[in-house]
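Welcome! Here is a short briefing for anyone meeting this structure for the first time. Please have a look at it before reading on.

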Amino acid sequence: MDGVSADFLLELRSEEIPARMQARASADLARLFAEELAKSGIVAGEIQSFATPRRLALIARGLPLETQATAEERKGPRADAPEQAIAGFLKSTGLTRDQLVERADAKGHGVLFAVIEKPGRAEAVPAIIRAFPWPKSMRWGDASQSSESLRWVRPLQGIVALLGDAVVPFEIAGVASGNETVGHRFHAPGRIAITDAASYADQLRAAHVIVDSEERQSIIALGATTAAAQAGLVLVRDDGLLAENAGLTEWPVPLLGGFDPAFLAVPPEVIQLTMRTNQKYFACQDSAGNLAPNFICVSNIVASDGGASIVAGNRKVLAARLSDAQFFWEQDKKIPLARQAEKLSQIVFHEKLGTVADKVERVAKLARWLVEEGIVGTPDQADLAEQAARLCKADLVTGMVGEFPELQGVMGGYYARAEGLPDAVADAIRDHYKPAGQGDDVPTAPVTVAVSLADKLDSIVQFFQQDMKPSGSKDPFALRRSALGAISLILTSKLRFSLDRAVAIGSPSRPPLAVTALFGLPEVVDFFADRLKVQQREAGVRHDLIDAVFALGGEDDLVRLLARVHALQAFIETDDGTNLLAGYKRATNILKKEGVENAAWSAPAYPPEPAEAALIAALDDAEPRAAAAVAAEDFGGAMAALAMLRAPIDAFFEAVTVNDADAAKRGARLALLVRIRDAVHQVADFSRIEK
């Protein structure tokens, strides 16, 4: 304490806070406290927040020693001012008319004043506690009979509030602030008097409590890695599990255990998920990268026997879990996937879209079409694609997926391989949900791509047809994710096809390929355009250039479209591209001003001026060259052809008057501007380019 400011410590101690809520709660505490300080015109030098299973805490550095409430006075309009002026003043202060104070000014006129109370920190903390945004909270004790009683994530047991070394006094729900807390539940259960904010973390560390979650994570990561290495193993890193274990312990101690190697006959994903989900254990691999019959659990105590009893207890619990998993695995293998798939007719996919069996039927037809058309793989793989599609959802009715829904697809792949189905079919069943999100693997095996793409396109088309499109932040059927996945599949494997045509095939009544407007399906193509912008943003592709290509219409081959966009972006960043864009916009602005949409071009009936003749000659040369390059999908060549127009267009606007007094000249020159616009539109609609 320096006589002017001091550090403020707040600890809110309760029964166990769920691990998944701690990080958000820690950030919310810091944010809400800063907001309350701001109401009093105070800014802390730094606010640091902490969370353990039993406490939320923060340290705010450099706060004024004054903790009392203050008042701010604001002068308003005269008492006889128009009601509108008084109402505006009331709105800005948040007060009502009867809360204003009227005083006479030097001339004796009544003037209104607002006296706004600003709470001190003693009043601010209870306000934070009462308004804390827990995702789930509870009431407790006798007071819980009233809906006005305090809600907290778990019963609140103690509050430490110190400014410097002095207690900031307040009380909420019968819990008074003070300077005492408790340490580790087993190693230091007694009460601890906290000296000040500076000593808080060290005093708790001495009581076997590490208040910093990141430090606990580091301890777990290092200890688990070391324990695995000492046994010749490699820890399977899992950041989510690391954070969860840090949220379950105040003094983490990683311990290595093992289980019966016979359980390794169960698919490794099942074992890892069992350990992770049910027991919060880390998995280990041997030097060859195979799952090892070992686990690492994280204890919250330093055991006198080195953790042997803890490991033994955890091994026993894990053995029971793995026995259940082994039972599901053996039982599921007894029923072929084709028989399992028959049960899909009993599962509703969506009330408007039928059963899962109905969806499988659609996906199978579309997957087969993708292969038969030569879009994916070779025609001899059509039967494999259809077979994989018909079995891809069969594992949804298995015991294992019922227990672990996260393994849908994965288990289907294992069951397919176990019954001797072709590897291509098993792989397609396993991976047909991929890519499920950003960073996920993108399949490239043809049969897998056909099934995965068909599954995603079907979902998008079906929900769009039922007018259940994503809206704003709402996307209950994850259609945006499906579209991003489909785009990744298309671009990674460079699949060449008309999206509009595939969308038509995905329609329930399988209409003629050209009749897509009947279903409103152009909306789907627009939807893909929006998702493409999102997908390409991280690659540095400008969204306006994607718009510029889509705006031409008729371009829904995503591979060709993106090639055109990449060429356009490279061109527009050159001097030729920048100047051509400027010339184009000048031409289109004149056409817009003159109200000219289209004008047939013919050679002028008058002797053209030199710059005009040069532009006509340049267009005569560039137009067919650009058209031929576009037809050959040589979009760089098309841009090079258009680049030849840059200098003639610049010279034309410098030397030639478009709006000539002579009507014949004006008409011919406006038609020439239309020709410039149309030549450029062979590549993209430059009016959509922002630069």
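**Pockets, cores and one buried threonine**

Sorted by class, the residues lining the second largest pocket are five nonpolar, six polar and three charged. Keep in mind that this is a predicted model.

**The largest pocket**

- About 530 Å³ of space is found in the largest pocket.
- A set of 21 residues lines the largest pocket, and Tyr433, Asp455, Ser459, Arg481 and Ser482 are the ones nearest its centre.
- Two or more lining residues come from each of β17 (348-350), α10 (356-372), α15 (446-465) and α16 (479-492).
- Among the elements, α15 gives the most to the lining of the largest pocket, namely four residues.
- By class, the lining of the largest pocket comprises eleven nonpolar, five polar and five charged residues.

**The nonpolar cores**

- The largest nonpolar core has 135 residues, and the members that touch the most others are Leu453, Phe528, Leu568, Leu673 and Phe686.
- Helix α15 gives the most to this core, with ten residues.
- Setting aside neighbours within four places in sequence, Leu453 is in contact with Leu370, Ala486, Leu489, Ile490, Leu495 and Phe497.
- Another core lies apart from the largest one; this other core has 34 residues, including Met21, Ala25, Phe132 and Leu163.

**A closer look at Thr181**

- Where does Thr181 sit? Thr181 belongs to strand β11, which covers residues 180-182.
- Is Thr181 buried or exposed? Thr181 counts as buried because its relative accessibility is 0%.
- The side chain of Thr181 makes a polar contact of 2.5 Å with the side chain of Glu11, and a polar contact of 3.2 Å links the side chains of Thr181 and Arg55.
- Beyond its neighbours within four places in sequence, Thr181 is in contact with Glu11, Arg13, Arg55, Val160, Gly190, Arg191, Ile192, Ile194 and Leu204.

Definitions and conventions. Residues are numbered from 1 along each chain as its sequence is written. This is a predicted model: local features need pLDDT of at least 70, side-chain atom pairs count only at pLDDT 80 or more; totals for chains, interfaces and linings use all residues. Side-chain values use heavy atoms; hydrogens and water are left out. Buried means under 20% relative accessible area, exposed over 50%, partly exposed in between (1.4 Å probe, protein chains only). A polar contact is a pair of N or O atoms within 3.5 Å; within protein, one must be able to donate a hydrogen and the other to accept it, and residues adjacent in sequence count only if both atoms are side-chain atoms. Contact means heavy atoms within 4.5 Å. On a 1 Å grid over the protein atoms alone, a cavity is a set of points where a 1.4 Å probe fits but cannot get out, and a pocket is an open set with protein on both sides within 12 Å along at least five of seven lines; lining residues have an atom within 4 Å of a point. Grid points are joined across faces, edges and corners, and a volume is the space filled by probe spheres set on the points. Ala, Val, Leu, Ile, Met, Phe, Trp, Tyr, Cys and Pro count as nonpolar, Asp, Glu, Lys and Arg as charged, and the others, Gly among them, as polar. A nonpolar core is a set of buried Ala, Val, Leu, Ile, Met, Phe, Trp, Tyr and Cys residues joined through side-chain atoms within 4.5 Å.
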